[in-house]
Amino acid sequence: MDSLQLISSKKEFIYFFISLFLIFIFNIFYEYFKYKDFIKEEVYLDRYEIINIYKKDDFNILKLQNQKLTLFTSVDKAKKLQKLDYISIAVISKKISFYEYLKGFYTKSLFIEKIEKVDSFKKSIFIYINSSHKDEKIQELFNALFLAIPISKENRQIYTDFGISHLIAISGFHLGILGSVRNFVSV
């Protein structure tokens with residue numbers, strides 16, 4: 001009796017891993033076809049949300065994301081962009097490897113235009129938090145806690161030194177999960 005249960009559990013185990021492997025292969029093919037669409041032309045134009053802004057001396061580096069991909073590009077400091085803004089941007093898509101495409105990559109931008117979009121609930125909370133607090137560090141802290149918006153490298157180091165960085169990382173994640181559950185239940 002025990003040997004039959006052992007054989008049965010081994011078969012279930014093998015089927016489980018074969019299923020996971022097939023799902024993995026399907027996802028890789030799906031991402032590869034999206035990649036081929038991305039590199040089909042030398043210049044790729046699409047709309048993105050600004051996830052984070054990394055400030056440098058002469059320029060800013062933007063982390064951009066949409067449903068298709070995540071990328072990094074640099075822009076002039078004169079552009080008045082902030083986190084959660086929507087932009088239309090043309091980027092150079094040649095010479096990007098499939099591996100770089102999967103993990104997020106840096107590329108040069110040719111054209112950037114801010115899109116005036118009706119504010120989302122997340123954007124309205126972001127604006128409210130920023131208008132309620134004058135100190136930039138406090139603004140970033142509350143945006144990270146309530147909206148899971150990434151914080152700057154300098155502030156991340158401060159929170160790590162105080163030993164509270166894990167609380168900041170998890171707080172926005174939990175609120176995102178609760179918001180998703182709320183949306184799912186209300187449908």
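Helices are runs of at least four residues assigned H or I by DSSP, and they are numbered from the N terminus. In the predicted model examined here, helix α1 spans residues 2–39 and includes Phe-13. Lys-34 and Glu-31 lie 3 residues apart in helix α1, so about one helical turn separates them. Side chains of opposite charge can pair when their charged atoms come close. Lys-34 and Glu-31 form a salt bridge, in which the closest N and O atoms are 3.2 Å apart. Across the whole structure, a search identifies 4 salt bridges.

Phe-13 also belongs to a nonpolar patch on the surface. Other members of this patch include Ile-14, Tyr-15, Phe-16, Phe-17 and Ile-18, as well as Leu-20, Phe-21, Leu-22, Ile-23 and Phe-24. Together, the residues of the patch have about 1200 Å² of accessible area.

A further feature is the packing of two helices, α4 (residues 136–147) and α5 (residues 153–162). Their axes are 11 Å apart and form an angle of about 75°. Because angles of 65 to 115 degrees count as roughly perpendicular, α4 and α5 are described as roughly perpendicular to each other. In this contact, Lys-137, Glu-140 and Leu-141 of α4 meet Asn-155, Ile-158 and Tyr-159 of α5. By class, the contact of α4 with α5 comprises 3 nonpolar, 1 polar and 2 charged residues.

Technical notes. Residues are numbered from 1 along each chain as its sequence is written. This is a predicted model: local features need pLDDT of at least 70, side-chain atom pairs count only at pLDDT 80 or more; totals for chains, interfaces and linings use all residues. Side-chain values use heavy atoms; hydrogens and water are left out. Patches are made of residues with over 30% relative accessible area and no salt bridge: like charges are joined within 9 Å, nonpolar side chains (Val, Leu, Ile, Met, Phe, Trp, Tyr) within 5 Å. Accessible areas come from the Shrake-Rupley method with a 1.4 Å probe; for residues, only the protein chains shown count as cover. A salt bridge is a side-chain nitrogen of Lys or Arg within 4 Å of a carboxyl oxygen of Asp or Glu. Axes are lines fitted to C-alpha atoms, for helices over the stretch in contact, and angles run from 0 to 180 degrees between N-to-C directions. Angles under 35 degrees count as roughly parallel, over 145 as roughly antiparallel, 65 to 115 as roughly perpendicular and the rest as oblique. Contact means heavy atoms within 4.5 Å. Ala, Val, Leu, Ile, Met, Phe, Trp, Tyr, Cys and Pro count as nonpolar, Asp, Glu, Lys and Arg as charged, and the others, Gly among them, as polar.
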